[in-house]
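Biologist: Hi, I'm new to this one and would like to go through it with you. Could you put it on the screen before we start?

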Amino acid sequence: MDWADFGVDLHLELDATGGRRAGLERALRAAIRDGRLPPSTRLPATRALAAELGLARGTVSAAYDQLVAEGWLVARVGSGTEVSALRQAPPPSPARPAGPATPRYDLRPGSPDVAAFPVTAWLRATRRALAVAPATAYGYGDPRGRPELRTALAGYLGRARGVLADPERIVVTTGYAQALVLLTTVLRHSGPPVLAMEDPGLPFHREVVRRQGGRVLPLPVDDRGARTDLLGVGALAGVAAAVLTPAHQYPTGVTLHPARRHALTGWARDADALVVEDDYDGEFRYDRQPVGAVQGMAPEQVAYVGTAAKTLGPGLRLAWLVLPARLVEPVVEAKRHLDVQTEVVGQLALADLITTHGYDRQVRTVRRRYRQRRDLLLERLGGWAAVGGVSAGLHATVALPPDGPGEAEVLAGASARGLALAGLDAHRHHPGGGPPGLVVGYATAPGHRYRAALDVLADVLRTPGGRT
């Protein structure tokens with residue numbers, strides 16, 4: 001058939017996979033989609049097209065009818081079938097933005113060594129969990145999460161972190177960021193909430209709060225942790241909640257002083273305010289037993305947030321909230337309307353891993369590994385660079401001398417050598433308001449590249465501008 005008679009130059013390639021009718025439908029859709037059959041083009045009569053393509057007329061008629069039903073074609077009485085005027089060729093895809101180049105060496109904070117994920121133990125836990133899970137586990141369930149995981153977490157958090165956790169008060173979330181979204185949403189019931197957040201702290205978390213309609217005020221941090229003695233005073237009067245990392249402040253690495261802990265819980269009780277305790281790496285203390293969670297001192301004033309992101313890996317997207325009684329139902333409703341529930345298979349596997357003590361074994365294994373990495377960082381830099389923070393966690397701060405090169409020069413020099421680093425200044429609410437420094441994530445690099453990464457870091461600190 002000469003399609004030029006219909007105002008177009010077209011050749012149809014029919015793939016009969018799934019049947020001739022389906023192949024014709026696919027060919028016509030493709031021709032309309034990419035503009036070879038423009039809007040308002042009249043198509044051949046079914047008899048003529050059937051003869052041209054060697055198909056039964058009924059096959060062509062059925063294909064036309066299907067495409068009319070889908071809106072690709074329009075059947076007009078007395079004038080045949082034509083391409084819908086609403087069908088437009090899609091605009092060209094925008095150029096894909098170039099993603100950040102993968103660094104040769106990565107010492108950025110915030111991630112564990114994901115190569116340490118316990119693949120074998122996780123597979124076994126998943127198999128065991130799925131073998132005994134009821135069929136109802138794969139349907140819609142309690143927004144709080146699977147009861148197996150909430151029960152396992154209640155026991156684990158009580159013995160490992162000193163958290164007073166009732167399974168009925170635990171809500172499983174898709175990561176820490178979602179927990180922060182839920183809490184900010186609940187606090188918004190009486191207007192835009194004001195939250196005090198540590199300064200310095202993670203900028204991303206401040207943005208999470210702002211995107212949920214919250215207002216953020218800086219809570220200064222010194223060598224005794226967050227200045228909780230300032231809560232309720234001056235600019236910090238009337239805040240609805242304070243978001244802290246008491247066990248291992250991010251990014252300075254200090255632990256909240258006992259007097260500051262008492263000031264924090266006292267303020268929350270007196271002001272009927274909320275403490276959001278971000279216990280992101282509380283299991284990792286290397287010089288002593290980990291400091292227990294603040295939540296154990298004031299469970300009705302503290303929303304405790306834990307996560308598997310640092311012990312196992314951030315790709316699991318599993319975290320948990322332990323809530324004061326008054327917040328359970330509001331948070332559950334917010335979760336229900338946000339994403340209904342967190343995925344189930346990972347919850348079941350993690351519950352098994354905890355109850356069979358595989359989770360404890362994983363924590364002990366990576367704790368030894370990260371302690372060795374921190375010791376190596378101190379050994380490599382400690383003679384001539386001040387490494388700050390307690391012996392804990394997955395990162396440390398490195399102070400830069402005030403009379404030396406600034407953060408920007410050091411970071412540029414590191415980038416030129418293929419080393420990814422984070423600066424301390426970017427973590428401040430108002431950059432430029434404190435001494436220069438680096439935040440070094442000694443857990444991020446895979447084990448076989450860690451020593452080389454430290455060599456590059458040491459060289460950068462000696463010659464930050466790229467000189468050799």
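Biologist: Where is Gln372 found?
Modeller: Gln372 sits in helix H11, residues 358–381, where helices (H or I, at least four residues) and strands (E, at least two) are DSSP runs numbered from the N terminus. This is a predicted model, in which local features need pLDDT of at least 70 and side-chain atom pairs count only at pLDDT 80 or more, while totals for chains, interfaces and linings use all residues. Residues are numbered from 1 along each chain as its sequence is written, and side-chain values use heavy atoms, with hydrogens and water left out.

Biologist: Is Gln372 buried or exposed?
Modeller: Gln372 is exposed, because its relative accessible area is 57%; buried means under 20%, exposed over 50% and partly exposed in between, with a 1.4 Å probe and protein chains only.

Biologist: And how many residues apart in sequence are Gln372 and Tyr442?
Modeller: They are 70 residues apart in sequence, and 9.8 Å apart in space from C-alpha to C-alpha.

Biologist: New topic: how many salt bridges does a search of the whole structure find?
Modeller: The search finds 26, a salt bridge being a side-chain nitrogen of Lys or Arg within 4 Å of a carboxyl oxygen of Asp or Glu. One of the pairs is Arg29 with Glu70, whose closest N and O atoms are 3.0 Å apart. Arg29 lies in helix H1 (residues 20–33) and Glu70 in helix H3 (residues 57–70), so this pair ties together parts that are 41 residues apart in sequence.

Biologist: Which residues are linked with Arg29 in a network of salt bridges?
Modeller: The network links Arg21, Glu25, Arg29 and Glu70. Arg29 is buried, with a relative accessible area of 15%, whereas Glu70 is partly exposed at 35%.

Biologist: What about Asp229, which side chains does it meet in a salt bridge?
Modeller: Asp229 forms a salt bridge with Arg227, the closest N and O atoms being 2.8 Å apart, and another with Arg260 at 3.7 Å, N to O. Arg260 is buried at 9% relative accessible area, while Asp229 counts as partly exposed at 38%.

Biologist: Where are the cis peptide bonds you'd point out?
Modeller: A cis peptide bond joins Asp199 and Pro200, with omega about 10 degrees, and another joins Tyr250 and Pro251, also with omega about 10 degrees. Pro200 is in the loop between strand E5 (194–199) and helix H7 (203–211), and Pro251 is in the loop between strand E8 (241–244) and helix H8 (258–271).

Biologist: Why point those out?
Modeller: Because most peptide bonds are trans, and most residues other than glycine have a negative phi.

Biologist: Which residues have a positive phi, then, although they are not glycine?
Modeller: Among them are Asp272, with a phi of about 50 degrees, and Val340, with a phi of about 70 degrees. Asp272 is in the loop between H8 and strand E9 (274–278) and is exposed at 61% relative accessibility. Val340 is in the loop between H9 and H10 and counts as partly exposed at 33%.
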